[in-house]
Amino acid sequence: SSPQSLLRSYRFAFDKGRTYYVAEFDQAKLNELLQREMLPLWGDRRPETIVWLAQEDENETRIILDESLNTELQHTLKQTAKERGVPLSLPLMDLTDNVNISTYDVWGRFVEPLRKASTRYSVDNI
């Protein structure tokens, strides 16, 4: 299949001084191609991902990014996920999280405590 055979239509969109290429694909043909090539196919429901991320400041103080913080890194992370259509959550870091997770767990990439703490969020990916 050529790429043109998968394309139904295209147009250019303009928003805030930026130009976007907007393409509409033939979903049935695209799904058939992905299945034939044995590639994964997401359904209408995108997998929810929780991100445990520790950030170190200039004073070497480490914090875990959570839903209540308003940092540039958090904003960039959430905006990028939104642009790519990936549902993304950050932990609440409430009393339950603070009892079960420390910055050392996140910074040290200790998977098991993060996996256990993530069960309460009912997410697909960590």
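**Salt bridges and nonpolar groups in a predicted model**

A salt bridge joins the side chains of Arg62 and Glu56, with 2.9 Å from N to O; the term denotes a side-chain nitrogen of Lys or Arg within 4 Å of a carboxyl oxygen of Asp or Glu. The structure is a predicted model, in which local features need pLDDT of at least 70, side-chain atom pairs count only at pLDDT 80 or more, and totals for chains, interfaces and linings use all residues. Residues are numbered from 1 along each chain as its sequence is written, and side-chain values use heavy atoms, leaving out hydrogens and water.

Arg62 is partly exposed, at 30% relative accessible area (buried means under 20%, exposed over 50%, partly exposed in between, with a 1.4 Å probe and protein chains only). Glu56 is also partly exposed, at 35%.

The structure contains eight salt bridges. In one of them, Asp97 and Arg120 meet at 3.0 Å, N to O. Asp97 belongs to helix α4 (residues 95-100) and Arg120 to the segment after α6 (111-118), so this pair ties together parts 23 residues apart in sequence. Helices (H or I, at least four residues) are DSSP runs, numbered from the N terminus, as are strands (E, at least two). Asp97 is buried, with a relative accessible area of 1%, whereas Arg120 is partly exposed, at 37%. A network of salt bridges links Asp94, Asp97 and Arg120.

The largest nonpolar core has 11 residues, including Ile50, Trp52, Ala54 and Tyr121. Such a core is a set of buried Ala, Val, Leu, Ile, Met, Phe, Trp, Tyr and Cys residues joined through side-chain atoms within 4.5 Å.
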